[in-house]
Amino acid sequence: INWGQPELSMAMFSVDKSDKVLGIHVDAGLGETFRLIHATDPEPKGFSYIKQMYVILKPNRMHGAEFDFGEFVTSAGAEVIESYSNYNYSRSLLFAWAIPYYHFGLRSSVPVTKTITVGVQVVNAWNNLWGNNTMKNLGFTAAYTKPKYTLNANYYVGPNNPGTTQGKRNLFDTTFVVNPTSKASLYVNYDYGHN
């Protein structure tokens, strides 16, 4: 980082082909944001220009179920990596310290009803493509969606300490969005973690 100097935060392009049984999604780019989200990656850092890259499987006759394998942004949190898409212009400490940026592994999502979707993830340690507790973390996701509000709950658990499988990191994350009118909305995010 060159303090006081202009710097590119993020320039990104996306490729998405997910309208069939088999698809792919890629978000790639460059800038300081990519360096920060991949700061804990082991060497070589060849994937440091990738925000997401995963294969999509939507089996026929499975009523909207989807299975993804690869690198994908976390389901946890109210904020996203692209600052212009956040409620705040900048990102909060919850985004930087309480939740992961991304996961590598397998995730699923299955609509149970028209308003409830659940999912399971089997992933590596937080923000890690390989080499640290490979596929030893679990994620559980749930979403309840209505026209005026949405409630999301996520739970991640597993070993995250480098070089050992001792100790487990637990994160319970919930977000609640209320849209009483087309011009007003409220977003609440609560995280509880233990390492």
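This dialogue reads a predicted model, from the overall fold down to one residue.

User: What should I keep in mind about the model and its numbering?

Analyst: This is a predicted model, in which local features need pLDDT of at least 70 and side-chain atom pairs count only at pLDDT 80 or more, while totals for chains, interfaces and linings use all residues. Residues are numbered from 1 along each chain as its sequence is written, and side-chain values use heavy atoms, with hydrogens and water left out.

User: How many helices and strands does the protein chain have, and in which pattern?

Analyst: Helices (H or I, at least four residues) and strands (E, at least two) are DSSP runs numbered from the N terminus. Here there are 2 helices and 10 strands, following the pattern β-β-α-β-β-α-β-β-β-β-β-β along the sequence.

User: Is Asp68 buried or exposed?

Analyst: Buried means under 20% relative accessible area, exposed over 50%, and partly exposed in between (1.4 Å probe, protein chains only). Asp68, which lies in strand β4 (residues 66-73), has a relative accessible area of 4% and is therefore buried; across the protein chain, buried residues make up 35% of the 195 residues.

User: Which residues is Asp68 in contact with, and which side chain does a polar contact join to that of Asp68?

Analyst: Contact means heavy atoms within 4.5 Å, and, leaving aside neighbours within four places in sequence, Asp68 is in contact with Tyr54, Val55, Ile56, Gly105, Leu106 and Arg107. A polar contact is a pair of N or O atoms within 3.5 Å; within protein, one must be able to donate a hydrogen and the other to accept it, and residues adjacent in sequence count only if both atoms are side-chain atoms. Such a contact, of 2.8 Å, joins the side chains of Asp68 and Arg107.
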